[in-house]
Amino acid sequence: MGKYILKRILWMIPVLIGVIVIVFTIAYFTPGDPVMNILGAAGYTPERYAAKQAELGLDKPYIVQLLTYIWKLTTRLDFGKSFGSAIPISSELANRLPITVRLNLLSLVLMVAIGLPLGMISALKQYSVLDVVLTSLALLAAAIPGFVMAVLAALIFAVYLKWLPLTGLADWKAWILPVACSALPGMAVYIRFTRTTMLEVIRQDYIRTARAKGLAENVVVRKHALKNCMIPISTVIGTFVANMFSGAIIVETVYAIPGMGMYLLQGINSRDYPIIVGVVFCVSLLVSIVNLLVDIFYAFIDPRIRAQYVSPKTKKELAAKLMDSKRSIEGAGN
Amino acid sequence: MILKTKAQKKKLAQDLAAMACRKPQNDIWRRLLRNKLGMVGITIVVVLVVLCLFANVFARYPYDFQMFEHRFEYPSWQFWFGTDNFGRDLWSRLLYGGRVSLLVAFLATLISGGLGAVFGALAGYFGGKVDITIMRIMDVLMAVPPILMAISVSVALGSGPINTALAISITGIPHGVRIMRSTVMAIKGNDFIEAARATGSSSARIIFKHIVPNTISPLLVNSTLMIGGNIMVISGLSFVGLGVKPPTPEWGSILVAGRQYIREFWPIILFPSLFITLTLFGFNLFGDALRDALDPRLKD
């Protein structure tokens with residue numbers, strides 16, 4: 001088990017370096033001259049241009065720039081400086097990261113806490129009125145563009161009804177709308193996914209067996225169906241987190257939350273590549289960590305996966321135990 | 001059952017004959033046609049596609065025709081969906097915009113589906129080092145959330161329908177590869193592949209003659225669901241100021257351009273979102289129905 005986790009953690013390193021290489025390369029080959037953008041046509045002289053270029057390290061060849069970037073990032077967590085302001089990107093990220101992580105974690109919890117039971121109810125009462133209503137609502141909610149939903153919710157609850165504040169993060173009330181808006185699209189898909197998975201599981205033979213031997217319905221659902229559902233529905237959480245972070249850009253912009261999404265938007269609008277590379281890398285890192293946790297989690301809950309990574313010593317012990325019990329059964333027979 | 005009359009015997013013979021020539025394709029069609037939600041979905045999709053494809057017939061004004069005396073008009077007989085801040089007819093703009101949105105979404109699906117299928121098939125068929133190399137690259141691509149990937153590429157490529165389609169297509173490749181790979185791996189284990197190899201078929205022949213025809217259905221389902229998702233990504237790109245830029249009309253950019261008027265004038269935001277939502281709804285319903293129809297486990 002320890003070996004499996006270690007392997008999974010080690011594999012994250014080349015993946016994340018790959019992410020840096022890809023995003024950095026895309027940014028590097030983007031047309032446009034950042035040095036000219038900073039200086040502006042008025043401030044341009046050949047000497048100033050060369051000085052600024054050297055200051056930003058843009059005069060070096062591509063491969064040197066890439067390696068320097070990776071080196072600085074891995075050794076000092078230095079994302080470089082944004083072209084526009086002199087503030088280091090890492091300190092901006094450090095301020096914004098907790099806000100975005102909190103927004104997404106709360107949304108994730110909300111999504112699972114509501115999506116999972118609704119999906120299960122929908123599957124257990126297949127074709128009932130409740131199921132049809134839930135499935136249609138989920139389909140509809142998944143089809144509304146994220147920003148329309150965010151803007152509409154802001155209009156209804158903050159502008160017209162004045163129940164909740166529109167912007168800022170003053171108290172817990174201010175978090176309600178952003179969290180709900182960023183959870184809802186994922187929740188809609190999650191309900192449908194849970195429903196499909198559950199429907200597949202409750203058609204299995206072992207569920208019929210459990211029912212046939214007279215177990216109460218809620219025991220069948222809780223102990224037999226839910227446990228077997230857990231693997232697919234926890235595996236997809238990684239994907240949902242990735243989408244949720246993407247949706248957070250929109251939600252943060254609509255509700256003026258100073259998180260990573262707003263920062264990214266700032267980077268896009270001013271074509272400030274170091275910001276874009278930094279944010280994309282940071283979010284990818286977070287998503288990779290969530291995926292790692294999910295993988296470890298289902299290795300723990302699924303005995304089939306756990307069994308693949310049992311240490312040879314434990315395997316021997318188990319085999320010896322099995323032989324013992326076999327012998328004792330045979331002995332009893334004689 | 002005892003067959004008493006000639007009519008009963010005749011009916012049994014007919015039934016048996018019908019059973020004998022029943023093809024799996026007919027089964028799929030029957031299941032698909034019987035799925036009411038799926039039929040609703042395909043109807044929505046067909047109506048929208050026809051409306052947008054023949055936008056020049058159905059539109060009542062050119063999409064960029066500005067009538068300053070008719071700014072911010074509510075829906076009427078003259079302007080079915082009202083007019084925008086430049087006095088342009090929204091109905092016409094949405095039809096022409098749909099052309100761009102659907103085209104970009106379709107193109108992106110085609111590119112990512114195609115590349116995904118090729119690399120997925122290679123990984124699944126050859127296995128070993130080819131598989132490991134391809135899947136490792138996909139791991140990296142998959143580590144970046146889709147919209148962020150689309151944003152990065154879109155910043156680099158610039159705006160415009162083709163560039164947007166390219167930027168979006170990159171996000172769909174890993175998923176396509178995974179689906180194709182697992183399908184090919186499942187098919188590869190079948191006896192008829194073994195038989196083909198035993199009779200001396202080349203790899204190319206096995207792939208194109210025996211494997212590819214069997215992978216069509218998962219690819220079809222994936223593509224249908226992907227088109228809807230891509231339309232959503234396009235509107236997300238428009239929201240952050242990328243994607244297809246005005247004056248070219250596109251659903252996402254029309255929607256985002258109307259954002260500042262949302263409090264005073266609802267049609268400018270309602271109708272574009274309605275079109276996006278309906279399209280997504282239609283493709284999702286149809287994709288689900290297609291998946292159910294093609295899934296042999298759900299046979300009755």
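In chain A, among contacts between residues at least 6 apart in sequence, 70% join residues at least 24 apart. Two residues are in contact here if their C-beta atoms, placed from the backbone, lie within 7 Å.

Before going on, some housekeeping. This is a predicted model, in which local features need pLDDT of at least 70 and side-chain atom pairs count only at pLDDT 80 or more, while totals for chains, interfaces and linings use all residues. Residues are numbered from 1 along each chain as its sequence is written, and chains are lettered from A and ligands numbered from 1 in the order in which they are written.

I will stay with chain A for a moment. There are 15 helices and 0 strands in it; helices (H or I, at least four residues) and strands (E, at least two) are DSSP runs, numbered from the N terminus. The C-alpha atoms of chain A fill a box of roughly 100 × 60 × 35 Å along the principal axes. Its radius of gyration is 26 Å, whereas a compact globule of 334 residues would have one near 20 Å. That radius is taken over C-alpha atoms, and the globule rule is 2.2 Å times the number of residues to the power 0.38.

As for burial, 33% of the 334 residues in chain A are buried. A residue is buried if 20 or more other C-beta atoms lie within 10 Å of its own, exposed if 12 or fewer, and partly exposed in between, with C-beta atoms placed from the backbone.

Now chain B. Its secondary structure comes to 12 helices and 0 strands. Of its 300 residues, 43% count as buried. Residues 24 or more positions apart account for 71% of the chain B contacts with a separation of 6 or more.

Next, one helix in detail: helix 7 of chain A, residues 146-160. Its 15 residues should span 21 Å at 1.5 Å a residue, and its end C-alpha atoms are 20 Å apart, which agrees. The expected span is 1.5 Å times one less than the number of residues. Several residues in this helix are buried, among them Gly146(A), Phe147(A), Val148(A) and Met149(A).

What covers the buried residues of helix 7 of chain A? The cover includes helix 8 (172-201) and helix 11 (237-254) of chain A, together with helix 10 (203-239), helix 11 (251-257) and helix 12 (267-294) of chain B.

Ile144(A) sits in the loop between helix 6 (129-143) and helix 7 of chain A. Ile144(A) counts as buried because it has 21 C-beta neighbours inside 10 Å. Leaving out residues up to four places away in sequence, Ile144(A) touches Met149(A), Ser273(B) and Thr277(B). Its C-alpha atom is separated by 8.1 Å from that of Pro185(A), 41 residues apart along the chain.

Chain B has a helix 7 too, residues 146-157, and this one packs with helix 10 of chain B at an angle of about 55 degrees, their axes 10 Å apart. That makes helix 7 of chain B oblique to helix 10 of chain B. Axes are lines fitted to C-alpha atoms, for helices over the stretch in contact, and angles run from 0 to 180 degrees between N-to-C directions. Angles under 35 degrees count as roughly parallel, over 145 as roughly antiparallel, 65 to 115 as roughly perpendicular and the rest as oblique. Pro146(B), Ile147(B), Ala150(B), Ile151(B) and Ser154(B) in helix 7 meet Val233(B), Gly236(B) and Leu237(B) in helix 10 of chain B.

Last, some backbone angles. Most residues other than glycine have a negative phi. Tyr127(A) has a positive phi near 70 degrees. Tyr127(A) lies in the loop between helix 5 (89-124) and helix 6 of chain A, and is exposed, with 9 other C-beta atoms within 10 Å. Ala256(A) has a positive phi near 50 degrees. It is found in the loop between helix 11 and helix 12 (260-269) of chain A, and with 12 C-beta neighbours inside 10 Å it counts as exposed. Lys162(A), following helix 7 of chain A, has a positive phi near 55 degrees.
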